[in-house]
Amino acid sequence: MANVAAAFALVSQKFCIQELNALQKEAIIQFVEKQRGVFIYLPSGFGKSLIYQALPLVFDAMHREGHIVVVVSPLINLRKDQVQKLKNLGISAVTLSDIEEEDVKAVEKGVFSVVYGSPEGFLKIVRCRKMSTSDIPHVQGEVVCNCSR
């Protein structure tokens with residue numbers, strides 16, 4: 001099991017940034033090490049998305065591979081842009097609007113590290129509703145990001 005500093009270094013390298021800022025690090029530590037839900041209320045452009053995009057790398061580095069981060073967002077273009085960015089970085093990601101219901105099995109099996117969907121998208125797919133209320137070890141808590149101007 002790697003330490004948190006090594007995990008943060010891996011994230012910085014993967015996302016081609018110098019380092020995570022202090023609030024990003026604190027949010028990740030609260031979620032990963034202390035297993036607490038996290039609410040983040042920061043302005044646009046602060047790097048809120050990087051917090052949940054980094055979680056699979058941090059979990060894999062510190063614990064074991066195979067974690068899934070579920071991102072619920074009503075913004076279609078945001079979901080698609082972020083999935084493409086993650087794929088370009090070599091991180092497996094998908095948005096539910098791009099897959100068929102039978103392909104949800106791949107989500108359950110952990111094929112994707114980050115799964116994006118709209119609130120209604122997750123509710124429409126029965127398996128996703130079951131994942132959110134099950135004992136699947138991939139489902140660990142919540143990171144809620146919001147923004148203000």
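Me: Is valine 107 buried or exposed?

Reply: Buried means under 20% relative accessible area, exposed means over 50%, and partly exposed is in between (1.4 Å probe, protein chains only). Valine 107 has 1% relative accessibility, so it counts as buried. Before we go on, this is a predicted model, where local features need pLDDT of at least 70, side-chain atom pairs count only at pLDDT 80 or more, and totals for chains, interfaces and linings use all residues. Residues are numbered from 1 along each chain as its sequence is written, and side-chain values use heavy atoms, with hydrogens and water left out.

Me: Where does valine 107 lie?

Reply: Helices (H or I, at least four residues) and strands (E, at least two) are DSSP runs, numbered from the N terminus. Valine 107 belongs to helix α5 (residues 104-108). Between valine 107 and isoleucine 68 there are 39 residues in sequence and 8.3 Å in space, C-alpha to C-alpha.

Me: How many aromatic pairs are there?

Reply: Rings of Phe, Tyr and Trp (its six-membered ring) pair if their centres lie within 6.5 Å; planes under 30 degrees apart are stacked, over 60 edge-to-face, and the rest tilted. That rule gives 3 aromatic pairs. One of them is stacked, because the rings of phenylalanine 39 and tyrosine 41 have centres 6.4 Å apart and planes at 10°. Phenylalanine 39 is exposed at 55% relative accessibility, and tyrosine 41 is partly exposed with 49% relative accessible area. Tyrosine 52 and tyrosine 116 make an edge-to-face pair, 6.3 Å centre to centre with 70° between the planes. This pair links distant parts of the chain: tyrosine 52 sits in helix α3 (residues 48-62) and tyrosine 116 in strand β4 (residues 114-117), 64 residues apart. Both tyrosine 52 and tyrosine 116 are buried.

Me: Which residue has a salt bridge with lysine 25?

Reply: Side chains of opposite charge can pair when their charged atoms come close. A salt bridge is a side-chain nitrogen of Lys or Arg within 4 Å of a carboxyl oxygen of Asp or Glu. Lysine 25 meets glutamate 19 that way, at 3.0 Å, N to O, and the count by this rule is 1 salt bridge. Lysine 25 is partly exposed at 24% relative accessible area, while glutamate 19 counts as exposed at 51% relative accessibility.

Me: Which residues is glutamine 30 in contact with, leaving aside neighbours within four places in sequence?

Reply: Contact means heavy atoms within 4.5 Å. For glutamine 30, those residues are Gln35, Arg36 and Val38. Glutamine 30 is in helix α2 (residues 22-32) and counts as buried at 15% relative accessibility.
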